[in-house]
Amino acid sequence: MFGDLKKQIEKCRYCEEKFGFEPRPIFWGSQKAKIVQISQAPSYTVHNSGKPFTDMSGKTLKQDWYQISEEEFYNHENFFIGAVAHCYPGKDKNGNDRQPPTICFEKWVEKEIQLVENEIYIIIGAKAASRFFPGEKFEDLVFKNNVWNGKLTIVLPHPSPLNKKWIKDRPEFLEKRMVEVREIINQVLKR
C-alpha cells in the first residue's frame with residue numbers, strides 16, 4: 001500500500017496548470033523511518049536537485065540544529081522527509097514563494113504519514129504547524145513537546161535565512177530548546 005501510494009504521488013501533476021511548469025513531487029524515506037519530518041514545501045533549489053533540504057535551510061537544519069551527518073539525515077530508516085505540499089509552488093507576482101496548495105496535504109500527505117511506522121514527528125515552519133495544530137500559537141508549539149496522532153511531535157521554526165530575526169529575538173530557542181530537541185533526535189536515532 002505504501003509503495004503504491006508513493007508511485008501515485010510521484011506521478012501527480014495536479015497543480016501543473018496552476019504552477020505554469022511541471023510539478024516535481026519530492027519526499028524521502030521509507031515506511032520504517034523513525035522520524036517523520038514535515039515542512040512547508042520544497043524550495044526552487046530542492047525542486048532542481050530532487051532531494052529535500054539540499055539548500056541553505058537544509059545546511060542549517062542538519063549541521064547547526066540537529067548536528068547530524070548527511071548520511072544520518074538521508075538514511076531512509078532514520079527520516080521520512082516530506083512537506084505539506086510535495087512540490088515547489090513557484091513565485092507569486094511579488095517574487096515570493098506561492099502558498100503551498102492545500103490539495104496536496106488533503107490528497108496525499110495525510111495518507112502517507114499515517115502509513116509510516118515512526119516514533120516521532122518534527123514539523124518545520126508556521127505554515128506546516130498550522131495544518132497539524134490549527135488555531136494554536138506557533139511560538140507556544142515551538143517551546144513545548146506536543147502530541148499528534150498519539151506521538152511526540154516537535155515543532156520548529158523554518159531554518160530559512162528569512163527567519164533569522166525570529167530566532168535572534170528568541171535566544172532560548174538555540175540555547176535551550178534545540179539542545180532538548182537534539183537530545184530527543186539522538187535518542188530516537190540510536191534505537
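This is a predicted model: local features need pLDDT of at least 70, side-chain atom pairs count only at pLDDT 80 or more; totals for chains, interfaces and linings use all residues.
Setting aside its neighbours within four places in sequence, F132 is in contact with I38, V84, F105, I113, I123 and W148. F132 also turns up among the residues with the most contacts inside the largest nonpolar core, alongside Y66, F73, F79, I122 and L156. That core has 54 residues in total, and helix α10 (residues 171-190) supplies the largest share of them, with 7 residues.

Y66, another of the core residues with the most contacts, sits in helix α4, which covers residues 56-66. Y66 is buried there, and so are S57, G58, T60, L61, K62 and W65.

Next up is a pair of helices, α1 (residues 2-11) and α6 (residues 102-115). Their axes come within 10 Å and cross at roughly 150°. Angles over 145° count as roughly antiparallel, and α1 and α6 are therefore roughly antiparallel to each other. The crossing of α1 past α6 is left-handed. On the α1 side, the contact is made by F2, L5, Q8 and I9, while α6 brings W108, K111, E112 and L115. Sorted by class, this contact has 5 nonpolar residues, 2 charged ones and 1 polar one.

Notes. Residues are numbered from 1 along each chain as its sequence is written. Side-chain values use heavy atoms; hydrogens and water are left out. Axes are lines fitted to C-alpha atoms, for helices over the stretch in contact, and angles run from 0 to 180 degrees between N-to-C directions. Helices (H or I, at least four residues) and strands (E, at least two) are DSSP runs, numbered from the N terminus. Angles under 35 degrees count as roughly parallel, over 145 as roughly antiparallel, 65 to 115 as roughly perpendicular and the rest as oblique. A crossing is left-handed if the near helix is turned anticlockwise from the far one by less than a right angle, and right-handed if clockwise. Contact means heavy atoms within 4.5 Å. Ala, Val, Leu, Ile, Met, Phe, Trp, Tyr, Cys and Pro count as nonpolar, Asp, Glu, Lys and Arg as charged, and the others, Gly among them, as polar. A nonpolar core is a set of buried Ala, Val, Leu, Ile, Met, Phe, Trp, Tyr and Cys residues joined through side-chain atoms within 4.5 Å. Buried means under 20% relative accessible area, exposed over 50%, partly exposed in between (1.4 Å probe, protein chains only).
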